[in-house]
Amino acid sequence: MRLQLENVGKQYPGGLWALRGFTLELAPGILGLLGPNGAGKSTLMRILATITRPSEGRVTFEGADVHAKPERLRSLLGYLPQDFGVYPNLNAIEFLDYLGAVRGLPAARRKKRIPEVLTLVNLTDAAKRPLGTYSGGMRQRIGIAQALLHEPTLLIVDEPTVGLDPEERVRFRTLLSELSAERIVLLSTHIVSDLESTADRIALMDKGRLIACASAAEMVARTGTRSLEDAYLAQVGA
């Protein structure tokens, strides 16, 4: 299972390049995205999620161009964007059942899978409460649940631990580690410790370009620093 980016770039109206010359291969495991605001992380994730088309280069999954025929990758994709909205009058079960139906999951499969994902994100006790009464952290967890609903092969999560308390963050990092054995997981976060303890590799981005891609230990060793955060600051000067 391979997802490849070959010289991918994205130019927005006005001539701004949000991404340029980006080449990277993703395989099962957790790839963390790290970079300052404006580095191009969200643009990269939107391209991989087939929401945005690249202006140049191409993305392939198992050798097939993703944007020429996006349906296959979309059927295997779980995506949690940074700005995730809910229907406030629905409860968690109703919301997940609706999204599962939209994605084509059979009713019997939804009935079995919804309790499983609610357990994974620790929302079983709040399953019948309207989502409008959820805290920010709880809404983030229901976002994680919907991304996992159809057992995706590719899981893309943008700032997934925002609003989660320390215990929930640890729980989520453990969950991602378990999921990554047979999946490609792309995790973007500004919380460096989440990547240091979870990611197999870290793609360091700045100004739309890939600066480095290595494990946390390799980045620390290359820069002669004591931590991933120090290595990050040494390379991007943020």
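Predicted model: local features only at pLDDT ≥ 70, side-chain atom pairs only at ≥ 80, totals over all residues.
Student: Which backbone oxygen lies 3.0 Å from a polar atom of the Q146 side chain?
Tutor: That is the backbone oxygen of G143. A polar contact is a pair of N or O atoms within 3.5 Å; within protein, one must be able to donate a hydrogen and the other to accept it, and residues adjacent in sequence count only if both atoms are side-chain atoms.

Student: Which residues touch the most other members of the largest nonpolar core?
Tutor: They are L96, L118, L123, I142, L155, I202 and M219, in a core of 48 residues. Helix α5 (residues 136–148) gives the largest share of this core, 6 residues. A nonpolar core is a set of buried Ala, Val, Leu, Ile, Met, Phe, Trp, Tyr and Cys residues joined through side-chain atoms within 4.5 Å. In soluble globular proteins, nonpolar side chains tend to be buried together.

Student: What does L155 touch, beyond four places in sequence?
Tutor: L155 touches G78, A147, L148, L176, L179, I184, V185 and L186. There is also a second, separate core of 27 residues, which includes V8, L33, F61 and M205.

Student: How many residues does helix α6 have?
Tutor: Helix α6 (residues 166–179) has 14 residues. From its first C-alpha to its last it reaches 20 Å, close to the 20 Å expected at 1.5 Å a residue. The expected span is 1.5 Å times one less than the number of residues.

Student: Which residues of α6 are buried?
Tutor: The buried residues of α6 are E168, R169, F172, R173, L175, L176 and L179. They lie on the same side of α6 because they cover an arc of only 160 degrees around the axis. The arc is that of the directions from the helix axis to the C-beta atoms. The face turned away from the buried side carries the exposed residues P166, E167 and E178.

Student: What do the buried residues of α6 pack against, and which residue caps its N-terminal end?
Tutor: Their packing partners are β3 (29–34), α4 (107–120), α5, β7 (154–158), β8 (184–188) and α7 (192–198). The cap is D165, with a side-chain oxygen 3.1 Å from the backbone nitrogen of E167.

Student: New topic: what is the phi of T50, and of E151?
Tutor: T50 has a positive phi of about 65 degrees although it is not a glycine, and E151 has a positive phi of about 50 degrees although it is not a glycine either. Most residues other than glycine have a negative phi. T50 is in the loop between α1 (41–48) and β4 (56–61) and is buried at 9% relative accessibility. E151 is in the loop between α5 and β7 and is partly exposed, with a relative accessible area of 39%.

Student: Which residues is R113 in contact with, beyond four places in sequence?
Tutor: R113 is in contact with L148, L149 and E151. R113 is found in helix α4 and counts as buried at 8% relative accessibility.

Student: Finally, how many helices and strands are there?
Tutor: The protein has 9 helices and 10 strands. Buried residues make up 50% of its 238 residues, and its C-alpha trace spans about 50 × 40 × 35 Å along the principal axes.

Methods. Residues numbered from 1 in each chain as written. Heavy atoms only, no water. Buried < 20%, exposed > 50% of the residue type's maximum accessible area, 1.4 Å probe, protein only. Helix = DSSP H or I, 4+ residues; strand = E, 2+ residues; numbered from the N terminus. Contact = heavy atoms within 4.5 Å.
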